Amino acid sequence: PELTLSTLNPQLSTLNIRISTASGKPAPGRTIVRVTVTDPDGRVTDESGRYAVENGKAEIPIRFADEDLSGDRAAKWKAVVTDLMTGQSETIGFTR
């Protein structure tokens, strides 16, 4: 999977998931991925779970509480996405 993160406002970001074929085109049909989002303390967040990827694309909202926006809580977040059909994983780190 290919991962990018878009920040819509301080309390909401979107994890953009893209799965492509060997030729680089969006993978057709539907597949399931496991998303694990961890906070700076290593705790798994509520956004973690299984999500459907339709025709190679999915967008997962990641919401942040007010206390997540400053100090030590603003650093070192991580998302790991695993394609459950292929077992391939990708990790993205980000800060708030």
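Colleague: Is Phe94 buried or exposed?
Modeller: This is a predicted model. Residues under 20% relative accessible area count as buried. Phe94 has a relative accessible area of 8%. So Phe94 falls under that cut-off and is buried.

Colleague: How many aromatic pairs are there?
Modeller: Ring centres must lie within 6.5 Å to pair. By this rule, the count of aromatic pairs is 3.

Colleague: What kind of aromatic pair do Phe64 and Trp77 form?
Modeller: Their centres are 4.9 Å apart, with 85° between the planes. Planes over 60 degrees apart count as edge-to-face. Phe64 sits in the loop between strands S5 and S6, and Trp77 in strand S6, 13 residues apart. The pair is edge-to-face.

Colleague: Which residues form one aromatic cluster?
Modeller: Trp77 pairs with Phe64. The cluster is Phe64, Trp77 and Phe94.

Colleague: Which backbone nitrogen does the side chain of Asp39 reach?
Modeller: Asp39 lies in the loop between strands S3 and S4. Asp39 is buried, at 7% relative accessible area. At 2.8 Å, its side chain reaches the backbone nitrogen of Asp41.

Colleague: How many residues lie between S1 and S2 in the hairpin?
Modeller: S1 and S2 run antiparallel, joined by 7 bridges. Asn9 stands opposite Leu12 in S2. The number of residues between the strands is 2.

Definitions and conventions:
Residues numbered from 1 in each chain as written. Predicted model: local features only at pLDDT ≥ 70, side-chain atom pairs only at ≥ 80, totals over all residues. Heavy atoms only, no water. Pairing = 2+ DSSP bridges. Helix = DSSP H or I, 4+ residues; strand = E, 2+ residues; numbered from the N terminus. Buried < 20%, exposed > 50% of the residue type's maximum accessible area, 1.4 Å probe, protein only. Polar contact = N/O pair within 3.5 Å; in protein donor to acceptor, adjacent residues only side chain to side chain. Phe/Tyr/Trp six-rings, centres within 6.5 Å; stacked < 30°, edge-to-face > 60°.
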